[in-house]
Amino acid sequence: MGNFIDKTFTVMADILLKVLPASKQEKEAFSYYRAGMAAQSEGKYAEALENYYEALQLEEDPYDRSYTLYNIGLIYGNNGNYSQALEYYHQALELNANLPQALNNIAVIYHSQGLSALEMQEENSDLNLENEEYIELAKEFFDKAAEYWRQALKLAPDNYPGAQNWLKVTGRLVPEDSF
């Protein structure tokens, strides 16, 4: 099914490139973006990044740049480089505040870091932090996750039921939230 969708996207993209009025630079930027998406869907992350970076060099439209930056964030996140993923998600949001998927992914990273802090507390690792400090660190990460999930849910109330449930269960759903 995914292969059909990829081929359909490619055909539609080719038609759009021929039909829509766009400068040569815009068309070239879109071609790199499309090549990046194709490589990313095949798990060829280095190739995808190269294409996305080329697209960023050419693309001037902030909205289109935001999706390229978002996709770069996805790759870094998938590869476990969460600090770089966060950086690119934030850059994407600076250009396009209407990206609930970026807000969700930021929340997922912070939630994961909170869970890791709790695991370290349980294992009493070699970082010489007291158990209370691990718990406080986890709480800070969970609070950040909650902040970003609330923002994502305001933009897309039906998209993240797991996040909405987590906010309710953990008592982090604030009264003014209406999703």
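Predicted model: local features only at pLDDT ≥ 70, side-chain atom pairs only at ≥ 80, totals over all residues.

Colleague: Which residues do ring pairs link into a cluster?

Modeller: The cluster consists of F30, Y33 and Y52, which are linked by ring pairs. In total, the structure holds ten aromatic pairs. Take the one formed by Y33 and Y52: the ring centres are 5.8 Å apart and the planes meet at 45°, so this pair is tilted. A stacked pair would need planes under 30 degrees apart, and an edge-to-face pair over 60. Now look at where the two partners sit. Y33 belongs to helix α2 (residues 24-41) and Y52 to helix α3 (residues 45-58), so their pair ties together parts that are 19 residues apart in sequence. Both Y33 and Y52 are buried.

From there, you can follow the chain on to another helix pair. Helix α4 (residues 62-78) packs with helix α5 (residues 82-95) at an angle of about 165°, and their axes are 8 Å apart. Since angles over 145 degrees count as roughly antiparallel, that is therefore how α4 and α5 run relative to each other. The crossing of α4 past α5 is left-handed. On the α4 side, the residues that meet α5 include P62, L69, Y70 and Y76; on the α5 side, Y82, Y88, Y89 and L95 are among them.

Definitions and conventions:
Residues numbered from 1 in each chain as written. Heavy atoms only, no water. Phe/Tyr/Trp six-rings, centres within 6.5 Å; stacked < 30°, edge-to-face > 60°. Helix = DSSP H or I, 4+ residues; strand = E, 2+ residues; numbered from the N terminus. Buried < 20%, exposed > 50% of the residue type's maximum accessible area, 1.4 Å probe, protein only. Axes fitted to C-alpha atoms, helices over the stretch in contact; angles between N-to-C directions. Parallel < 35°, antiparallel > 145°, perpendicular 65-115°, else oblique. Left-handed = near helix turned anticlockwise from the far one by under 90°. Contact = heavy atoms within 4.5 Å.
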